[in-house]
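Here's a quick briefing for anyone meeting this structure for the first time.

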Amino acid sequence: MDRLKGKVALISGGARGQGAAEARLFVGEGARVVIGDVLDAEAAKTAQEINTKAGTRAAVAVHLDVTRAADWRTAVEACAREFGGLDILVNNAGIAFMGGVEDTTEEAWESVINVNQKGVWLGMKYAVPAMRKRGGGSIINISSIYGIIGSPGSAAYHASKGAVRLLTKSAAVQYAQDNIRVNSVHPGVILTPMVEQASREQLQPVINMAPMKRPAQPEEVGWCVVFLASDEASFVTGAELVVDGGYTAV
Amino acid sequence: MDRLKGKVALISGGARGQGAAEARLFAAEGARVVIGDVLDDQARTTAQEINAKADGHAAVAIHLDVTRAADWRAAVEACQREFGGLDILVNNAGIFNTTGLEDTTEELWDTVVNINQKGVWLGMKYAVPAMRQRGGGSIVNISSVAGLTGSTGSTAYHGTKGAVRLLTKAAAVQYGPEKIRVNSVHPGIIATQMIDIIPREMRERFTQVVPLRREGTAEDVARMVLFLASDDSSYVTGAEFVVDGGLTAT
């Protein structure tokens, strides 16, 4: 399959979980992928596995702390150096934090906001000039259903994901004329290392609230990201795509 | 390509425009398609064209007035008789008018509500039992950006498209446990015959407020419908998908 043939993608948090699933699906669809993560060993391993399966050098790993502008600059340079340019950015890196309004320390607040929100902005800031050189591109920002609805805890997480939702629309409006599409994806409960920090007892009631009454596999979000990354979504920008088993329809 | 291989789809309003684009794309992805429409000749021509290209029996046309329960029953039976079952329903048929609140007659109101809203409900009512027999399915209801935001006219149209949006979520919640996914698609300004009644200069003005600065094509929408019809969207239900070039992001 070659739905992303000839395209180069940069995926933050691509070492494991949802980001790794996206990297695998992207390469399966003909893209070349730069995997950015702070988990260097896991990122290198994911890239190796992809290359072994593809039988060619389709993936490379770079160190990417999404809160650092210098790392983003290097990651975008790696896309150009290794694969000749950048067409797709997936702002996938994120951290979960369960504390409510009063239980959140300033330190926790800043760490969540820096990774989940500032990281998305920085990624776009450095990716846009590279995409402009290619005559356009597609940016996919991974928000969450927690960017659409509230819950009793996770105050900083909700704030950061709500910010990503509107940051996405703002960038979509600004860069439409450069042929750069920007959309947000809002997963529900997906079985990834980030979500599995919570216990099954904590997760099960949340899972049961979704009409489909099951969690999702990372690939079920990954295919949605493939669609948005591809030219199939050529008239889709500034939109939010919910992948939540019906959770927010209730 | 075989993203819908082995699946059977029923598309209302499939004779021309967006519905015909969906039928062509579905057949190209391996589905077999029943095209329902009140435009019998055009529906037959579209089915013939698809069959000529598919080099086989991939499409049939059937008379379907979406406001009549008996027609829906016959259409679902046709899916089972011709192709062995039903997996995908696209409630695509719809009519448009620009009439404002006070100028809308009861006759116009009833016509718009019957086709755009009652037709969607009836389609789901008769499709669901057939999907249940297959162990699940996907229903895609075509709403509009007019189901998300208001405008100075098109009162009845806005009402029906808003209704379809929530009818979709209600059905998604009800049928989630039976693996029947239900989602709505919200096209912006799409260049089909349905909006030919909008004067050219007004369409040009609309296009200027669309961030991507163009009207959408029927294929732009069809590719989104394909995503929702396919197993790529296996964890997506009760959600709304905007295909509007960024119009509602502003």
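In what order do the strands of the open sheet in chain B run? The order is S3-S2-S1-S4-S5-S6-S7, a sheet of 7 strands with parallel pairing. What you're looking at is a predicted model, where local features need pLDDT of at least 70 and side-chain atom pairs count only at pLDDT 80 or more, while totals for chains, interfaces and linings use all residues. Residues are numbered from 1 along each chain as its sequence is written, and chains are lettered from A and ligands numbered from 1 in the order in which they are written.

**The sheet in chain B**

- Strands here are DSSP runs (E, at least two residues), and helices are too (H or I, at least four residues), all numbered from the N terminus.
- Two strands count as paired if DSSP finds at least two bridges between them.
- At the edges of the chain B sheet stand S3 (59–63) and S7 (240–243), each with a single partner strand, so one side of each has no neighbour in the sheet.
- On average, neighbouring strands of this sheet are turned by 20° against each other, direction ignored.
- S1 (residues 8–12) and S2 (residues 32–37) of chain B run parallel and are joined by 5 bridges, with Leu10(B) standing opposite Val34(B) in S2(B).

**Helices on the chain B sheet**

- Contact means that the C-beta atoms of two residues, placed from the backbone, lie within 7 Å.
- Angles run from 0 to 180 degrees between N-to-C directions, using axes fitted to C-alpha atoms (for helices, over the stretch in contact).
- Helix H5 (residues 155–175) of chain B lies across S5 (137–142), S6 (180–187) and S7, at about 165° to S6(B).
- Helix H7 (residues 218–229) of chain B also packs on the sheet, touching S1, S4 (88–91), S5, S6 and S7, and its direction makes about 165° with that of S6(B).

**The sheet in chain A**

- Chain A has an open sheet of 7 strands in the order S3-S2-S1-S4-S5-S6-S7, with parallel pairing.
- Its edge strands are S3 (59–63) and S7 (240–243), each pairing on one side only.
- S2 (residues 32–37) of chain A is joined to S3(A) by 5 bridges, and Val33(A) sits opposite Ala59(A) in S3(A).
- Helix H2 (residues 40–54) of chain A lies across S2 and S3, running at about 170° to S3(A).

**Where the chains touch**

- 28 residues of chain A are in contact with 28 residues of chain B.
- H7(A) gives the most to chain A's side, with 4 residues.
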